[in-house]
Structures are given as C-alpha cells and as structure tokens.
Amino acid sequence: MSNAYEAAYRRSLENPESFWGEAARHIHWEKTWDKVLDDTRKPLYRWFPGAVCNTAYNALDRHVEAGRDAWPALIYDSPVTDTIETYTYKELRDAVALFAGALARLGVEKGDRVVIYMPMVPETAIAMLACARLGAVHSVVFGGFAPRELATRIDDAKPKVIVSASCGIEIRRIVRYKPLLDEAIEIARHKPERCVILQRPMETASLKEGRDLEWNQALPGAKPHPCVPVAATDPLYILYTSGITGAPKGVVRDNGGHMVALDWTMRAVYGMEPGDVFWAASDVGWVVGHSYIVYAPLLAGCATVLYEGKPVGTPDAGAFWRVISQHNVKALFTAPTAFRAIKREDPNARFLELYNMPNFKYLFLAGERTDPDTLAWAQNHLKVPVIDHWWQTETGWAIAANCMGLHVFPVKPGSPAKPVPGWNVRVLDPDGLPVPPGQTGAIAVKLPLPPGALPTLWQNDEGYIRSYLTQFPDYYTTGDAGYMDEDGYVYVMARTDDIINVAGHRLSTGAMEEILSSHPDVAECAVVGVADTLKGEVPLGFLVLKAGVRRPGAEIEKEVVQMVRDRIGPVAAFKTAMVVARLPKTRSGKILRGTMKKIADNVEYKMPATIDDPEILKEIEESLVSIGYSTARKD
Ligand code: COA
Ligand code: AMP
C-alpha cells in the first residue's frame, strides 16, 4: 500500500491535469479554464488557460464573504518600533481595496507595473495585494539593495508608479529609503509617473513636487476598488533574482497556477488548516516573503505574521520564541542562518525556558542547505519536526520537502527529503542522462514544471529558454548540483554557476567581479564564496593590480569593498578583498575559483591537472593566512 505522499506524487506526474485540476477546486474562478495545461508551445507551458480569476479576491474577499471577516489575517509584529497590530480579514480587505482605489486614481490599470521598495510594514503587503486587485503587476525590490540595483529593475519593469517609504529600521540603524529611491530614479532611464511614499514617524522624507505624494495623501477621496478579473495566465508579479551575469532575471509569476499551487502547499507541505497562524520570518523582498508571508497563508485562510525584526538583537535571542508564543504560531519558516545566529548567542537555548509554545508544531528551513549541526540544535531544543526544504525564486515553492500534510518521512540530516508532488526531479550527467543513486550530477526537473513555477522571464521568453531549458532538452536546469539516494532523498550540495548564498540571500559573484574590475587600479580579479559560520557563505575578493600601481593595496581593498556596498548594497556582505600578485589559472587561462575557495575553506583539494603554475596556489595560501584564514595545504 502506498502512503498519501507516494499516491499524490505518482498522480501528479502521471496525470498532472487531473491532479492540479482537483487542487484548483479550492480557488474561486470567475470562469473556469478551457484546459488545465496548455502544452502547444513547448517548451513553454501555461496552466489554466481560459480561466478568469483575481488573486486578491481569493486571498481576502472570498474569506470575508464566507464569514471569516473577523478572523485575523495579518499580524504585524515590530520589535524595532514596539508595535503589534492585527488586521482581520475584513480590515485587510478594506485597506487593500482603498489603496487599490488610490493607485487607480494615479492611473494604474491592469497590466501596468508598480515597483514596491519598502521595509517590513503592513503597507507593503497592502500595496502588493492592491496591485493584485487591480490586475497590475508588482515588482518588490528588497530594501538592502543599492540604488543601482533598484535602477536596473526599474528599467526592466518600467513601472508607472513606485511605492516606497521614508525609511526602514535595521535594529538600531535607520535606513533612509527615499534618498536611495531618488538616486535610483536619477540613474534609471525609465522614469515613473508618480511615487507614493509612506512617511514613518522616525523619518520624514522630502518629496519631489509633482511626482511624489504621501501614502496618507493618496487615500482621502479614493474609492474602494473592486477586484479586476484577469486571465489565470496573466502576470501577478515580477521578482528579480541574481542570474549568472550582473543583470538580474525577472522571474514572472502568473495568477491562476500560482494560487492553486500555493494554496495546495499550505495543506500538503506545511500541514496548515484555515485559522492557523503561519510565520515566515523572511522579508517580503524575497520569494519566501512573496509566497509565504503574503500569498499562501491568506489564500489558505490562515493568519500570517509580518515581523519587522531580526532573530537576535531585537531585543535578544529569545525574539523568535516570544513571537511564536505571543501569536500562537503553528509553523515557523526561516533560513538556517537565523538559527545559527540564535545558537551563537544562546547556545543552550536558555531563552526558550521563558516562553510557552503549546501550539507550535513545525519548523521549516530553506534558502540554503540546513547544516546537520543547526538541524540537531533545533531538533533538540524545539522538540518538533525540523524540515529542511529546497526551492528557488524561480520555482516559487518547494521542489523537495518532507510533506507534513501527506506523510512524515524520517529526517535525514543534510537532505531536504523527497521531491514534492508536481516535481519530476532527476540528477543528470553532462550528456543529460540520469545518473544512478548516490552519484552527483546536475539536478534538473522534467518539463512541464508544476503550476506556480515561473512560466517565463519578464518579456523574455528567449532568455528563459536559453537560461533554463536549453542545457538539457525537455528539462528545467535548476543550477544546483547534488544527488539522490536509494530512498529517493535529494541532496543539494552546490551551485553549478557563480551564485553564492549569503545568509539565505542569493548573490552573483560575477556581478561583484564586474564591480571590482571597474576599479581603475585593478587588472583582474576573482570573487569566491567562502564558508562562514553565521551566514553560511560570504564573498571574498582577490585583486591583481595593474602594473605600475604604487598606491598601498590596503587602500584599494577598502575602496572596492565600498564600491560593492554602494552598487549592490549592504546585503552583499562583501567585507574582504585582498591584493595578490597573481591568480591561479588553467593553461587555457580560466581562473581556478573552485580551488581558491577550497583553500580558503581549508578543505581538501587536488592540484588541478591543467594548472598553469602550481606556485601561485602557495602564494594564495600565504595571503589568506596573513588575513587570518587557517589554510593547510592538502594535496
Ligand atoms: N534594508 C536595508 N539594509 C538591510 C536590509 C534591509 N531590508 N536587510 C539587511 N540589510 C543590511 C544589514 O543591515 C547589514 O548591513 P551592515 O553590513 O551595515 O551590517 C547587511 O544588509 C547584511 O544583512 P544580513 O544579511 O541580514 O546580515 P546581518 O548581519 O544584519 O544579520 C542574520 C544576520 C542571520 C541575523 C540575518 O541575515 C537574518 O536574520 N537572516 C534571516 C534569514 C532570511 O531572512 N533569509 C531570507 C530568505 S528565507
Ligand atoms: P533563492 O532563489 O534566493 O531562493 O535561492 C535559491 C538557491 O538557494 C537554490 O538554487 C539553492 O542553491 C539554495 N537553496 C535554497 N534552499 C535550499 C536547501 N534547502 N538546501 C540547499 N540549497 C538550498
């Protein structure tokens, strides 16, 4: 007899149309689909063509109309401003409808883009849902990005309106958003018609006449806007993520498939019921925030916690337990780095003793591999299932997980368990052939991807096909490498490209190299992600200076660190660069970044057979030792 997971998994692959057609019954459709899956434009697929719907209606109005109007929908918990506010479903629906009315008065219509550059405040979720209500396409940009990154996104999305705030709060530091926004608009070729600025009490932004207006000025006189019907295949949002070049990719999410998939995951993956409290301790600027702070919990009739704080320092390492206890959270979803931060400050989890968490059932971790130490610490102290699950901005929801609502498998440390129904995961060799269990290869997903996964890149079908669907025909290339074991557990071990994962944030070392090499004194450079006990990985830069440069290396190192902070943003956490005499290369001139990373991480490496000059590795080791790395030559 197969268990519920096995039955669901098999059905989802053998008959995806029946599987997802059935899941779609939980959603309200203005008009149902002509077909569950359109595969007439392979390798591009579309879910639920012909269907008409509205995501905000399903997230809010549907619950209000079903008598859940007084149920909590959004709990804003902000230790940095000492605020706790709960919006019921009706209150949130009304706030969203009113702001949608305000956007409509500014000319925002179905299909228009709205960029949202905001901190973790309820107005961010309200702005996102207001766009969904209007059928407008939002593009949220994480607050830790610098103006240049914001400008790139503005130029690609071409928003009619930008919604922002006067500031965000990073523990005790006020981050003034408005000057960053002004600079981004200055740099961008595309100019938005209007900007709506939320003035927060701790910082008043100055406004540009004719272009900017305050959130509070936008509301009076606005009429609550009804939900605008959209095609299931119409875009709901664009979310930019690091690609292998400096230019970010605009991942598109549609309306219909996205709702069906996310709603289904709340039950199947997270084991949640309507009325439960779900907390994704992430940021709305990331995909986790889109899917599991805003859309999925509301679609499923749960209450979602929007937390403006950190795991430590707001005010202490008991912050997460306080929130879980105070709001009766059933499941917490965060990144392992948050737990490493807590573990570092409170290794024996003394703060846990201060709180009762009777309703707390699961901890879900994602964003990076959960290291076995962090897993064991969380399991021992929390005494609930600790579920590592693997996903990407592109996929929008988990590719591999231990599905709490289907069947609980034993946890194997280091593995996010099994492919979730809908995901036909294969490990392939360079020729695209499946490898046997235990053997490492490229992790790919056989097409079609399930609903909710990206149907394309923003106005760039060709780029989508080139980036993801070309390496292995008929497969989506995840960019991750790893293996599957005899029991079908997936192990995600490394990226196959230049992407690194810093505190659960995805960054491109290639983009950092572009910045370093633009320094006038730098001849060539390399950036690698090196192991870090808190953030998992941090970038480390190597610089070779141009011949004849007489300035002290330390000065140039400092300058490039500042350049990365200014151009990508503080989130890059690029704090160390070092001048070296030469970079190790193959005879054909390829920089041996992987070997440099291994040396910095003090792990075993083989002398590459194609190395041009082995002596250079010794020089790199010596340079690393001089800045405190404990590298030992292991050949
Ligand atoms: N706006 C402006 N700046 C921001 C920002 C935002 N929204 N978010 C982060 N930053 C800044 C930080 O202040 C920090 O700046 P600094 O270099 O001046 O100190 C820098 O970006 C790096 O931030 P972060 O990666 O958050 O590191 P941290 O040292 O401040 O905190 C952790 C470390 C582990 C506590 C933190 O990364 C964390 O809570 N992570 C949770 C995981 C998470 O949210 N993952 C997302 C995917 S699930
Ligand atoms: P992002 O698009 O920012 O969500 O980052 C996606 C990338 O993070 C993946 O391609 C993986 O490299 C990594 N990642 C996310 N979750 C996990 C996990 N549970 N285990 C291993 N790697 C993960």
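A residue counts as buried under 20% relative accessible area, as exposed over 50%, and as partly exposed in between (1.4 Å probe, protein chains only). By that scale N602 is partly exposed, with a relative accessible area of 26%.

Welcome to a short tour of this structure. It is a predicted model, in which local features need pLDDT of at least 70 and side-chain atom pairs count only at pLDDT 80 or more, while totals for chains, interfaces and linings use all residues. Residues are numbered from 1 along each chain as its sequence is written, chains are lettered from A and ligands numbered from 1 in the order in which they are written, and side-chain values use heavy atoms, with hydrogens and water left out.

**Ligand 1**

- Around ligand 1 there are 24 residues, of which E170, R173, K535, R565 and K575 come nearest; a residue is near a molecule or strand if one of its heavy atoms lies within 4 Å of it.
- Sorted by class, this shell holds 11 nonpolar, 6 polar and 7 charged residues. Here Ala, Val, Leu, Ile, Met, Phe, Trp, Tyr, Cys and Pro count as nonpolar, Asp, Glu, Lys and Arg as charged, and the others, Gly among them, as polar.
- A side-chain N or O atom of K535 is 3.0 Å from an oxygen atom of ligand 1. For K575, a side-chain N or O atom is 2.9 Å from an oxygen atom of ligand 1.
- Y177 has a polar side-chain atom 3.5 Å from a nitrogen atom of ligand 1. A polar contact is a pair of N or O atoms within 3.5 Å; within protein, one must be able to donate a hydrogen and the other to accept it, and residues adjacent in sequence count only if both atoms are side-chain atoms.
- On its own, ligand 1 has 930 Å² of accessible area, and the protein covers 84% of that. Accessible areas come from the Shrake-Rupley method with a 1.4 Å probe, and for residues only the protein chains shown count as cover.
- Two or more residues of the shell around ligand 1 come from each of β10 (173-176) and α12 (336-345). Helices (H or I, at least four residues) and strands (E, at least two) are DSSP runs, numbered from the N terminus.

**Ligand 2**

- Ligand 2 has 14 residues around it, and D388, T393, D480, R495 and R506 come nearest.
- By class, the shell around ligand 2 divides into 3 nonpolar, 5 polar and 6 charged residues.
- Backbone atoms reach nitrogen atoms of ligand 2: a polar one of G367 is 3.1 Å away from a nitrogen atom, and an N or O atom of H389 is 2.8 Å away from a nitrogen atom.
- R495 places a polar side-chain atom 2.7 Å from an oxygen atom of ligand 2.
- The protein covers 92% of the 490 Å² of accessible area that ligand 2 has on its own.

**Strand β11 and its partners**

- Strand β11 (residues 194-198) has 4 of its 5 residues buried, so the strand is largely enclosed by the rest of the structure.
- With strand β8 (residues 161-165), β11 pairs in the parallel sense over 5 bridges; two strands pair if DSSP finds at least two bridges between them. V161 stands opposite R194 in β11.
- Strand β12 (residues 212-214) runs parallel to β11 and is joined to it by 3 bridges. V196 stands opposite L213 in β12.

**I185 in helix α7**

- I185 is found in helix α7 (residues 177-187) and is buried, with a relative accessible area of 5%.
- Not counting residues up to four places away in sequence, I185 touches I154, I162, K191, P192, C195 and R211, where contact means heavy atoms within 4.5 Å.
- I185 and A125 are 60 residues apart in sequence, and their C-alpha atoms are 23 Å apart in space.

**Backbone features to look at**

- Most residues other than glycine have a negative phi, and most peptide bonds are trans.
- The peptide bond from T314 to P315 is cis, with omega near 0 degrees, and P315 lies in the loop between β17 (303-307) and α11 (319-327).
- L447 and P448 are also joined by a cis peptide bond, with omega about 0 degrees; P448 is in the loop between β24 (441-446) and α14 (461-469).
- K158, a residue other than glycine, has a positive phi near 50 degrees. K158 lies in the loop between α6 (147-157) and β8 and is partly exposed, with a relative accessible area of 44%.
- N602 is not a glycine, yet has a positive phi of about 60 degrees; N602 sits in the loop between α17 (593-601) and α18 (615-626).
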